[in-house]
Amino acid sequence: MKNHEYFIRKCNELAKVGIRNVSPNPMVGSIIVYKNKIIGKGFHEKYGKEHAEVNAIKSVKDISLLKKSTLYVNLEPCCHFGKTPPCSELIIKEEIPTVVVGCLDPNPKVAGNGIKKLKENSIKVIYGILEKECLELNKRFFTFIQKKRPYIILKWAKSADNFIAPIDQNKPFWMTSEQSRMIVHRWRSEEDSILVGTNTVILDNPSLDVRLTTGGNPIRIIIDKNLSFNKDLNVFNNESKTIIFNEIKTLSSGKNYYLKVNFKNLISEMLNELYNIDITSIIVEGGAYTLNKFIDKNIYDEVRVFTTKTLLKKGIKSPNIPDIKKILSKSIDNDLLDIYIK
């Protein structure tokens, strides 16, 4: 006999298929069960399109069974009109008698009202099933709603003697293995955007893409205070959208978006601008100066650090890893990956 946890876990697995495509909406999966068998399933596939519950209901071949079934969903059904009608209204219309929910939706437009509406219409609601896992799945969305900024991941690689790069670097430099770099590219494909500082753009001429894996490129975010970058740099290659924070102008030009901000309060102003354009997550990949800005201001959510066996003897010091909880330590070829969360 399969239990509630089994089906909510299936909802989470379904929901993950929509990663990046549904942003700034949350990832949601829904399953409809009759006599302990799945008779319908769906997930939120793309922002602005039908929600998971709608797709799950539409997938049921014998709609007469809906009145005897249980609908499972990892996030509270919505109860407001947005890009699509409220899912709670469809559930009520189809007379689904029981709804099992993973976690509540923190969006003020929902925030328990979806469950309240279902209960007011004599639908039995069970919630808080695998709540921790459901919250983790949509940590980007919850941070965006509750903190009014993107979810921030700080990532860097350091040598065994704690340097992030050579001090006299004059060409692109990698310390990590090919497998580690593939993992980083997969991470990029999971986030809305990727941010690097001025020196990284100049010294590494990065493309900031996902060429070593599958998926879409993140939006590139670069810092060019005086708009002095050579337009032949890879970040201007039009393969993906690039946002350039500067002190000169706000302007749209092709896939390049120039945003003028006050550099005296750079981090806060950047995050505010990114929130306003619905960027729900950023992976910050350097350099040391930029990473330390986020660490010093205590504005980040997660830290991912590769430690290699390379010895540089001298160079640019690695940022100090904050005193936060380590959730993973894993060997990848000759590298060690540590992941921390606040």
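This is a predicted model: local features need pLDDT of at least 70, side-chain atom pairs count only at pLDDT 80 or more; totals for chains, interfaces and linings use all residues.
View 1. Residues are numbered from 1 along each chain as its sequence is written, and side-chain values use heavy atoms, without hydrogens and water. S9 and S10 pair in the parallel sense over 4 bridges. Strands pair if DSSP finds at least two bridges between them. Strands (E, at least two residues) and helices (H or I, at least four) are DSSP runs, numbered from the N terminus.

**View 2. Strand S9 is mostly covered.** Of its 5 residues, 5 are buried (under 20% relative accessible area, with exposed over 50% and partly exposed in between; 1.4 Å probe, protein chains only). Ile 219, Ile 221 and Ile 223 point one way; Arg 220 and Ile 222 point the other way.

**View 3. Strands S8 and S9 pair in the parallel sense over 4 bridges.** Ser 193 stands opposite Ile 219 in S9.

**View 4. Asn 199 lies in helix H8 (residues 198–204).** Asn 199 counts as exposed because its relative accessibility is 53%. Asn 199 and Asn 256 are 57 residues apart in sequence. In space, C-alpha to C-alpha, Asn 199 and Asn 256 are 19 Å apart.

**View 5. Helix H9 (residues 266–276) has buried residues Leu 266, Ile 267, Met 270, Leu 271 and Leu 274.** Seen down the axis of H9, they fall within an arc of 120°, so they line one face of the helix. The arc is that of the directions from the helix axis to the C-beta atoms. Just after H9, Asp 278 takes a positive phi of about 65°.
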